[in-house]
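Hi everyone, thanks for coming. I'd like to walk you through one structure today, piece by piece. Please have a look at the screen.

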Amino acid sequence: MRKRFFPLLIVAFAVHANAQKFYTYVMDLGPSYVQLAWGTTTGENTIGRSSPSFGDAEVQIANRKLIAVGNSITVGDLAPDRSYKYTVSLHGKVLGQGEVRTWAANSQKLTFLVVGDFGTGKAPQYNIARAMWDEYQRRAGTGNPVRFLLSLGDNVYGDVRG
C-alpha cells in the first residue's frame, strides 16, 4: 500500500512547488545597468542573489534573452535614461514582468515620492495613494519623471480590525 502512495506524494510536492507565487524586484539600478531578482515569500531567504536557486531562469530585456543560474541577474550595456521592459521566466512559466528606467548619466534634478505611516486602509490613505499615483503618471512621460519611492517606515501593521 505504501508503494502506491509514494509516487502520489512526489506528484503532490511537484504541483505545490509549481504553484508557488513568485515575486520580482529591482535590486539595483544605474545609468547603464539593472539588477533584477526573484523568489517566493515561503521558506527562508528565497529571494535574490544569495538564495538557493530555483533553476535556470530566462530574462528578456533590451531585445536580449539571458540565462540566470541563480535568483538574480545584473544586465549591463544599457543606455542611460531609457525605459526597458523585462520578463523573468522559469521552466517556461513567466514569474514576473515590469519596466525599469535607467538613471540619467548626468542630471540637474531628481524627483521622488516619500511616504510613511501607510495607515489602516481607510479612505484618506487611499486618497493620498491615488494622488501619488496620479503625480507619478503625470510625470512619467516628461523630462522630470519620478525615479523612486522612499518609504519612511511604519508600514506593516498587525490585525487592525480588533
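I'll start with the overall layout, then go through the sheets, the core, a few single residues and a pocket.

Before that, two quick notes. This is a predicted model, so local features need pLDDT of at least 70 and side-chain atom pairs count only at pLDDT 80 or more, while totals for chains, interfaces and linings use all residues. Residues are numbered from 1 along each chain as its sequence is written, and side-chain values use heavy atoms, with hydrogens and water left out.

Okay, the layout. The protein chain has two helices and nine strands. Those are DSSP runs, numbered from the N terminus: helices are H or I with at least four residues, strands are E with at least two. If you read along the sequence, you get α-β-β-β-β-β-β-β-β-α-β. Of the 162 residues in the chain, 27% are buried. Buried here means under 20% relative accessible area, exposed means over 50%, and partly exposed is in between, with a 1.4 Å probe and protein chains only. As for contacts, which means heavy atoms within 4.5 Å, take those between residues at least 6 apart in sequence: 50% of them join residues at least 24 apart.

Now the sheets. Two strands count as paired if DSSP finds at least two bridges between them. Strand 2 and strand 5 are joined in the antiparallel sense by four bridges, and Val34 stands opposite Val75 in strand 5.

There's also an open sheet of four strands, in the order 4-3-6-7, with antiparallel pairing. Its edges are strand 4 (64–68) and strand 7 (93–101), and each has a single partner strand, so one side of each is left without a neighbour in the sheet. The twist from one strand to the next averages 20°. Strand 6, residues 83–90, runs antiparallel to strand 7, and eight bridges join them. For example, Tyr86 has Gly98 in strand 7 as its bridge partner.

So what sits inside? In soluble globular proteins, nonpolar side chains tend to be buried together. By nonpolar core I mean a set of buried Ala, Val, Leu, Ile, Met, Phe, Trp, Tyr and Cys residues joined through side-chain atoms within 4.5 Å. The largest one here has 18 residues, and those touching the most other members are Val34, Leu36, Trp38, Val59, Ile61, Ile73 and Val88. Strands 1 (22–29), 2 (34–40), 3 (57–61), 5 (72–75), 6 and 7 each give two or more residues to this core. Strand 6 brings the largest share, four residues.

Let's compare a few single residues. Is Thr87 buried or exposed? Thr87, in strand 6, counts as buried because its relative accessibility is 18%. Beyond its neighbours within four places in sequence, Thr87 touches several residues, including Val59 and Val94. Val94 lies in strand 7 and is partly exposed, at 45% relative accessible area. Then there's Gln108, in the loop between strand 7 and strand 8; Gln108 counts as exposed, because its relative accessibility is 82%.

Last stop: the largest pocket. It has 27 lining residues, and nearest its centre are Trp133, Tyr136, Val146, Phe148 and Leu149. Which element gives the largest share of the lining? That's helix 2, with nine residues. On a 1 Å grid over the protein atoms alone, a pocket is an open set of points where a 1.4 Å probe fits, with protein on both sides within 12 Å along at least five of seven lines, and lining residues have an atom within 4 Å of a point.

Methods:
Axes are lines fitted to C-alpha atoms, for helices over the stretch in contact, and angles run from 0 to 180 degrees between N-to-C directions.
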